[in-house]
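Reader: Please take me through this model step by step, starting with the backbone and going on to the packing and the ligand.

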Amino acid sequence: MIIPLSALQHYAFCPRQCALIHLEQLWEENFLTAQGRLLHERVDSAELEVRKGIRFERSVHVLSEKLGIGGVLDLVECELSTGLLKPVEYKRGKPKPEPFDEIQLCAQALCLEEMRGTVIEEGALWYMQTRHRVSVIFSETLRQKTLTVIHQVRKLLSGNKTPQPEYSKRCKACSLIEVCQPQLLVKDKSKKYVMSLFD
Ligand code: SF4
């Protein structure tokens, strides 16, 4: 099974959201996801260009056979004098306290390293809301965290079982809140109890 790179970010945000999208094939577009989709379409439509000694490769398809992950990268910058590669991911919002975006970017770097036989030390996230670029160093800690998430996502998706909802602050920004209905389960404690009998 090839895990889409986007599933890692969905999982880091909420394991249930990851299962709803990648196991149950549910997707609800809201204002936030529509904005993100348009941003990526704009980025993806641009052509290959070389500027100031850097080649900009857009919509780069990657696959790591070793890790079983793959997807399409927004942008890879290649420094022509050194051959150094840098994945760059465009994000709709602003930097988050949790490393969701960094994990997705690091997974991109792991794919590129395997495919191009190189070591990638750094990438970047570009945030539309704050209109600035944040450098991300692929430290050993971030690499380990990313490998752990890949492992957890594989376990989740091969287990074929969608986790129960857990209502939290993040639900307000979740495009799947209508189909997930996390508040219902929180309100209805008896349902929780009944479900635990069948777990
Ligand atoms: S609404 Fe909340 S619990 Fe449900 S998928 Fe979204 S983030 Fe997860």
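Reader: In which loop is the place of K52?

Author: This is a predicted model, in which local features need pLDDT of at least 70 and side-chain atom pairs count only at pLDDT 80 or more, while totals for chains, interfaces and linings use all residues. Residues are numbered from 1 along each chain as its sequence is written, and side-chain values use heavy atoms, with hydrogens and water left out. With helices (DSSP runs of H or I, at least four residues) and strands (DSSP runs of E, at least two) numbered from the N terminus, K52 belongs to the loop between β2 (49-51) and β3 (54-64).

Reader: What phi does K52 have, and is K52 buried or exposed?

Author: K52 is not a glycine, although its phi is positive, at about 45°. For accessibility, buried means under 20% relative accessible area, exposed over 50% and partly exposed in between, with a 1.4 Å probe and protein chains only. The relative accessibility of K52 is 85%, so K52 counts as exposed.

Reader: Where does S59 lie, and what is its relative accessible area?

Author: S59 is part of strand β3, and it has a positive phi of about 50° although it is not a glycine. S59 is partly exposed, because its relative accessible area is 22%.

Reader: What do the buried residues of α2 pack against?

Author: Helix α2, residues 15-22, is mostly covered, with 7 of its 8 residues buried. Those buried in α2 are R16, Q17, C18, A19, L20, I21 and H22. Taking contact as heavy atoms within 4.5 Å, the buried residues of α2 pack against β1 (3-4), α1, α5 and α6 (177-180).

Reader: Which residues does V149 touch, and how far apart are the C-alpha atoms of V149 and L8?

Author: V149 lies in helix α5, residues 140-159, and with a relative accessible area of 8% it counts as buried. Leaving out residues up to four places away in sequence, V149 touches L8, Y11 and I103. V149 and L8 are 141 residues apart along the chain, yet their C-alpha atoms are separated by 6.6 Å.

Reader: How far apart are the end C-alpha atoms of helix α4, and what phi does G117 take?

Author: Helix α4 runs over residues 100-116, and at 1.5 Å a residue its 17 residues should span 24 Å, which agrees with end C-alpha atoms 25 Å apart; the expected span is 1.5 Å times one less than the number of residues. Because 13 of the 17 residues of α4 are buried, the rest of the structure largely encloses this helix. Just after α4, G117 has a positive phi of about 55°.

Reader: Which residues surround the ligand, and how do they divide into nonpolar, polar and charged?

Author: Counting a residue as near if one of its heavy atoms lies within 4 Å, the ligand is surrounded by F13, C14, Q17, E166, R170, C171, C174, I177, C180 and P182. Here Ala, Val, Leu, Ile, Met, Phe, Trp, Tyr, Cys and Pro count as nonpolar, Asp, Glu, Lys and Arg as charged, and the others, Gly among them, as polar. The shell around the ligand therefore divides into 7 nonpolar, 1 polar and 2 charged residues.
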